[in-house]
Amino acid sequence: MDFQLTEELLGLQQTVRRLAQDKIKPRAREIDTTGAYPQDLFDEFKKADLLGLCIPEEYGGSGAGIMGLTLTIEEVTKYSNVLGLMLLLTRLPTGPIMIAGTEEQKQRYLPGIAKGTHRAAFCLSEPGAGSDVAGMQTRAAEDRDVKGGYILNGTKCWISGGMQADWFVVFAKTGDPSSRDHTQICSFIVEADSPGVTRPRVDRKMGVKGIDTTEIVLDDVKVGPSQVIGGGFALVMQSLNAMRPIVAARGLGLAEGALMYATEYVKNRPAFGKTIAEFQGIQWEIAKCATEIEAARLLTYRAAWLADQGKFTKEYVPMLSMAKYYASEVAVKASGLAVQLLGAAGYMEDHPTELYYRDARQLTIVEGTSQVQLGLIGKGVLGHDLWWD
Ligand SMILES: Cc1cc2nc3c(=O)[nH]c(=O)nc-3n(C[C@H](O)[C@H](O)[C@H](O)COP(=O)(O)OP(=O)(O)OC[C@H]3O[C@@H](n4cnc5c(N)ncnc54)[C@H](O)[C@@H]3O)c2cc1C
């Protein structure tokens, strides 16, 4: 067993830490206030070659894997959950292609993401089907005019980065939408400028402002056979399983950023003839939170290590889901504590604590809510995928 990061990963961590401190930290508040997409920071990521971390070298990436992306997102999210999301979006929609796509699809769609010439989004959720993926109503009917082609109809919602995306991975049912037959769920690559694709609505949301979530309507959208990934429900789940450490990294980084900020504050805040930090009650809160952050870090790194070895099939679900569940809950807890430790100041926009708190709330909902993760972990223990004997 080795708890040490490799020289390469340590180097990556240091480089990103500096970039995050110099370029991202000073911008976080303004991005939240304006809600404008931070294109200049996308360009910084592009310049620093951080957009292809999880993409293999043969497709234009740097091959740093899920571990490399996890460490990078952790550093970035210490200061901005939006920029963590920007990096996450290099993996979420490319995942199904890397797992189940054809060689042609990989050659065509992965290099653009790695080089930052293209962006993509992942379209799973629908107004009537979030946690209940099999309840999706988007229909993929066979195109009678094109052998192996399909025509898509349906509405996807809350799609992160939907406005900036050049292409989408869309999940739809090839049979009766009311059927819950898992084999009927199929994934497709849809170009954003395809006839019939519209983005009629951008959500007004609580946090993570700067990367919009969008409704995407598919009205008789034709996809050719070269855009069919396939995969069934298993591909949905494997794609999401491999993402657990990456979402967890956002929670981890956010928790670290919030606790560091609050710790520095209480060391300087006078009260009752001392500083707030000198009260044991405060020290214990910091200690408990720091312990939870380190526990989240261990779960997250292990999950990243598993995912990089292709261990994201059903039997690894409990370990992967634990990372996402725990790190996102710790983010909410740590940012809530940070608000509390600053008192009124923590509630005001003069400090980043209220922003950390609003941004953290997204993490226990996206890509499988905390309740869904607990369900998956529970099933894994009941079925002995996780067992200690
Ligand atoms: C900011 C943001 C960005 C997003 N980005 C994307 C994106 O890029 N692509 C995409 O496809 N989706 C995206 N989503 C959607 C997200 O994945 C869904 O919100 C999530 O899957 C939960 O679905 P829901 O919101 O419909 O909640 P519901 O499924 O309606 O659940 C509501 C509540 O019931 C609980 N619940 C549901 N089922 C169970 C159960 N079996 N047992 C116990 N409790 C249960 C849930 O935990 C939750 O608390 C995004 C959401 C947000 C907020």
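**Cysteine 157 is in contact with Ser125, Glu126, Pro127 and Glu215, when its neighbours within four places in sequence are left aside.** Two residues are in contact if their C-beta atoms, placed from the backbone, lie within 7 Å. The model is a predicted one: local features need pLDDT of at least 70 and side-chain atom pairs count only at pLDDT 80 or more, whereas totals for chains, interfaces and linings use all residues. Residue numbers start from 1 along each chain as its sequence is written. Cysteine 157 is part of strand S3. This cysteine 157 counts as buried because it has 20 C-beta neighbours inside 10 Å. Between cysteine 157 and proline 127 there are 6.1 Å in space, C-alpha to C-alpha, and a separation of 30 residues in sequence. Burial is a count of other C-beta atoms (placed from the backbone) within 10 Å: 20 or more for buried, 12 or fewer for exposed, partly exposed in between. Helices (H or I, at least four residues) and strands (E, at least two) are DSSP runs numbered from the N terminus.

**Tryptophan 158 and histidine 384 have positive phi: about 60° for tryptophan 158 and about 65° for histidine 384.** Tryptophan 158 belongs to strand S3, while histidine 384 is placed in the segment after H13. Because tryptophan 158 has 19 C-beta neighbours inside 10 Å, tryptophan 158 is classed as partly exposed. Histidine 384 has 10 other C-beta atoms within 10 Å, so histidine 384 is exposed.

**Strand S7 (residues 213-223) pairs with S3 and with strand S6 (residues 197-202).** Pairing requires that DSSP finds at least two bridges between two strands. S3 and S7 run antiparallel and are joined by eight bridges. On this side, tyrosine 150 stands opposite valine 223 of S7. S6 and S7 are also antiparallel, over four bridges. Here arginine 201 has glutamate 215 in S7 as its bridge partner. Glutamate 215 is also among the residues in contact with cysteine 157.

**Strand S5 (residues 185-191) is largely enclosed by the rest of the structure, because six of its seven residues are buried.** Strand S4 (residues 167-173) runs antiparallel to S5, and seven bridges join the two. In this pair, tryptophan 167 is opposite glutamate 191 of S5. S5 is also joined to strand S8 (residues 228-231) by three bridges, again antiparallel. Serine 187 stands opposite glycine 230 in S8.

**The shell around the ligand lies between domain 2 (120-232) and domain 3 (234-382), because both give residues to it.** Of the 22 residues around the ligand, those that come nearest are Leu124, Gly130, Ser131, Thr369 and Gln371; the criterion is a C-beta atom, placed from the backbone, within 6 Å. At least two residues of the shell come from each of strand S1 (120-123), strand S3 (150-160) and helix H13 (370-382). By class, the shell holds ten nonpolar, nine polar and three charged residues. Nonpolar covers Ala, Val, Leu, Ile, Met, Phe, Trp, Tyr, Cys and Pro; charged covers Asp, Glu, Lys and Arg; the others, Gly among them, are polar.

**Domain 2 and domain 3 meet through eleven residues of domain 2 in contact with nine residues of domain 3.** The side of domain 2 that touches domain 3 has six nonpolar, five polar and no charged residues. The C-alpha centres of domain 2 and domain 3 are 30 Å apart. The protein chain also has domain 1 (7-115); the bounds come from an automatic or database domain assignment.

**Helix H5 (residues 81-88) is mostly covered, with eight of its eight residues buried.** These residues are Asn81, Val82, Leu83, Gly84, Leu85, Met86, Leu87 and Leu88. Across the protein chain, 50% of the 389 residues count as buried. The C-alpha atoms of the protein chain fill a box of roughly 80 × 55 × 40 Å, taken along the principal axes. Among contacts in the protein chain between residues at least 6 apart in sequence, residues at least 24 apart account for 74%.
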